[in-house]
Amino acid sequence: MSLDVSPDGRTIVFDMMGDLYTIPIAGGTATSITTGPAWDVQPTFSPDGSRIAFTSDRAGGDNIWTIAADGSDARQVTKEKFRLLNGPAWTPDGAYLLARKHFTSSRSLGAGEVWMYHASGEASGGIQLTKQKNNQQDQGNEITLSPDGRYVYFSEDMSGGSTFQYNKDPNGMIYAIRRLDRETGRLENYITGAGGSARATPSPDGKTIAFVRRVREKSVIFLFDTTTGRQWPVFDGLNRDQQEAWAIFGVYPRMDWTPDGSSLVFWAGGKINRLDVASRAVADIPFEVQIDRTIHEALRVPVTVHEPSFESRMIRDVATAPDGSMMVFHSAGFLYTKALPNGVPRRLTSQTEHWEYDPSFSPDGRTLVYTTWNDRDYAAIRRISVTGGVSQVLSTRPGHYYEPRFSPDGAQIVYRRGGGSSLTGRLHGMETGIYRMPVAGGPATRVSRSGSDARFGPRGKRVYFLSGGGLSKEYRSVDVNGADERTHLNLKYANTAVPSPDFKWVAFNELFNAYVVPFPMTGGAIDLNKDSKAVPVKQVTRDLGTDLHWSADSKTLHWMVGPEYYSRSLAESFAFVDGAPEELPAIDSTGVSVGLTLQSDAPSGTTAITNARLVTMNGDEVIARGTILVSGNRIAAIGVDVEIPAGATVIDAAGKTVMPGFVDAHAHLNHFFTGPIPQESWVYSANLGFGVTTTHDPSANTETVFTLSEMVKAGRIMGPRIYSTGTILYGADGDFKAEVNSLDDARSHLRRMKAVGAISVKSYNQPRREQRQQIMQAAREQGLNVVPEGGSTFNHNMTMIIDGHTGIEHSVPVAPLYRDVLETWRHSKTGYTPTLVVVYGGPSGERFFYERDNVWENERLLRYVPRDNVDPQSRRRWKSADDEYYHDDVAAEAKKLVDQGNTVQIGAHGQMQGLAFHWEMRMLTQGGFTPHEALRSATLHGARYLGMDADIGSLEVGKLADLIVVDGDPLARIEDAENVTHVMVNGRIWNAMELPRGATADSW
């Protein structure tokens, strides 16, 4: 709660759950000043007491407003749509308001600046007073002015480096209070010291400044003498300050002096307190608030986990024959062909020794070149007839190959040779770049040391390719010997550029839609973007345009939206093109269905696990010595007297415990790479080996993660069940940002993600609340869950709960939580994935285990995870005093949520694959969870959160057979849950210590 004392000393104004209230200085029943759906916080009285300035999202995003002290006459002072504001402070004459303006660049964390605005709201902009020093270290927090108005005080992150850092040490100095002289412009560090300094609060006479500092594990009110510089503590019972988190709304809530300068009024311990500065006596100011707020029930869309067959939705690597008669594409590891428009997809080959990628037709349409991947032999470039048969290897050495394409005469190919990785192996990754080679055989020539997506020009004399990355990319070319490099296009938000075969047109994908423009040859570089005024630009897609490629005659563009193939001619897009109709047709919303159905993997036969302790997650049920019978991929029987049919595989689990498989609801499983997928993944085996059978990755490369999801589902690769949001709906800058400025924008993003197989989307720090609400509305229409990134910002977390988001990803940065928050959360039923391994507001919880456990000796971990992942994090320890850790406090608040019926699930964040999931369970018990409750969060709650609890999450007849067998009794000792002997996914059971490690494992 932020609060302020009126100039006459009679009234306190404060915020609670997004509304503003006043009470008499002595306490009493609160009077509401603002109500309704808006989130109003950080109130402060004007110098004459007639108005209250505050931060509000009532116009869509956080801006500064004022309102009469009786709650009438609300006026908007600032009107920002992206550089949003908070933390208002009046100048002593009441003419201006200062506020923190938030700036984001390509990182959503951002930083602040101090700006000044005319309090009338009549001006259209403001005056900049300070400048951010970089894009991530915060500045401009907790602004206040000296009583004479000359000095502006604010807090700033002064820790080393130019980026935000987890695990900053508050025992040193993170924040300092800085002072800006409004007369001279001089800016200086004013209050500094160990423990940091924040929330400057000058006394009415300006001789003393109260501020907040960390002293060991406590947040303390200090006083600063402006004459002598003396600093001394007066109260050490504050709630934990936010120095270690992203303190966009301040390190600590606003406090104030009484007008006579004798007392400080502040929030702590869920109460409003009054501190007599002279005696240091503290008294409660009692208050009672009646909160009336509309809360939207959390969105939770049911997900069917298994069906006998499924439509392949992640169609990629698409090429169209020169005569337009067929397409070839990649799905779930292999290449398929389809006669257009209504043919039945068929495998190009029948082999299963390697994966197949990147097909490209020869100019005559008779053959294809493509790449293959095998974990043992690495990649190769091959040629094959379009009718299939035996392929010919063109590459002469193993490597990491991508994007082979023919020259116009069909005599040569150009391709990219890339580097290795921890997943696909680090061998054969030397001498990277773009190469050309004769199709008939012969030495390869490197034409560029960098670049991607290479192709020959129309006469075969030059090679064109994309260079650079992020917001600085170029489309370049060299001659066939690598000389005479030229730059043709500059790309910022566009992330692909695909010239037509005659090089008269270029298609590009910018912020998830495809566009076409003429390709002017100027001898220099031109900017390529959808807002170009130099050349005509036409949008050709409604929601998405991947795998852009042209017809051989350069008249038609083709692309994919999930499982649908689209085409649009130039004549349908530009009125000046020959053959264009009088009225150009609307953009198509339905394409040609690829229509590939894949069979889901499922075993036959029966498995019986006998004599086990069965922890079913059906309430508190525990069957002491029971049998679970699995038929095919579902549980057929469970209990003490289960009849085992003849021929069943029997596993005697005496002394062991059987539980549902673990569900990692926030699992980053190395899904950010592109290109070939390993046939065996140590990341997947590590998670299976520790009992994780279902995963949900809330930020991943779309193409990669949904390809892998389908491969696992079809039984082509071993792994846990894979679900994901795909690429995040990013609210900051970048060539993958998701612009949401209307409900239709949100609908487009939700449609494109659903098209490729997403069950959820991640609303990632969209800056305005209205943007997050538009995503929610579109998600309700499309039937997708929404898991937002709150960015360690309590105020945004609360609006996400109120607006009915499926869950809160990462921890709420404050603890403890009080009744207002708990009741709101109870009614919304929003889930909570605290990811304690990377907890906000304190040291990452994983450090606790690196400090205390010999992680580098964990046999199970070392079987699956490379030492170069384990040793750097574990062998040189980071040690803290016990009371420095914060994850147990956050876990204790999660326990309150569970006790009142909310869902708390586990997310290991990919910190140490497989093992970190168990750290999460152990940390929950440190916060007061019983082992049974922690195991329920690890199983049923995760399934319920993802909408899958009808199929997984508990041991019940008819549910899918996802389960684990562990040595010992994790109900008595949670650490025993790590001792997984067997893991079963979809009815298939494996020894947890004998899972595949990948062909590159021997090189660890």
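Student: Is Ser 792 buried or exposed?

Tutor: Please bear in mind that this model is predicted. A residue counts as buried when its relative accessible area is under 20%. Ser 792 has a relative accessible area of 3%, so it is buried. This residue lies in the loop between β65 (785-786) and α5 (794-802).

Student: Which residues does Ser 792 touch, leaving aside those up to four places away in sequence?

Tutor: Ser 792 touches Ala 245, Trp 246, Pro 813 and Tyr 840.

Student: How should I describe the packing of α10 and α11?

Tutor: Two packed helices are described by the angle between their axes and the distance between the axes. Here α10 (residues 887-899) and α11 (residues 915-926) pack at about 75 degrees, with their axes 7 Å apart. The two helices are therefore roughly perpendicular to each other. His 887, Asp 888 and Ala 891 of α10 make the contact with Met 923, Leu 924 and Gln 926 of α11. By class, this contact has three nonpolar, two polar and one charged residues.

Student: At what angle do the axes of α11 and α12 cross?

Tutor: The axes of α11 and α12 (residues 931-938) cross at roughly 140 degrees and come within 9 Å. That angle makes α11 oblique to α12, and the crossing is right-handed. In the contact, Phe 917, Met 921, Leu 924 and Thr 925 of α11 meet Pro 931, Ala 934, Leu 935, Ser 937 and Ala 938 of α12. By class, the contact of α11 with α12 has seven nonpolar, two polar and no charged residues.

Key:
Residues numbered from 1 in each chain as written. Predicted model: local features only at pLDDT ≥ 70, side-chain atom pairs only at ≥ 80, totals over all residues. Heavy atoms only, no water. Axes fitted to C-alpha atoms, helices over the stretch in contact; angles between N-to-C directions. Helix = DSSP H or I, 4+ residues; strand = E, 2+ residues; numbered from the N terminus. Parallel < 35°, antiparallel > 145°, perpendicular 65-115°, else oblique. Contact = heavy atoms within 4.5 Å. Nonpolar A, V, L, I, M, F, W, Y, C, P; charged D, E, K, R; others polar. Buried < 20%, exposed > 50% of the residue type's maximum accessible area, 1.4 Å probe, protein only. Left-handed = near helix turned anticlockwise from the far one by under 90°.
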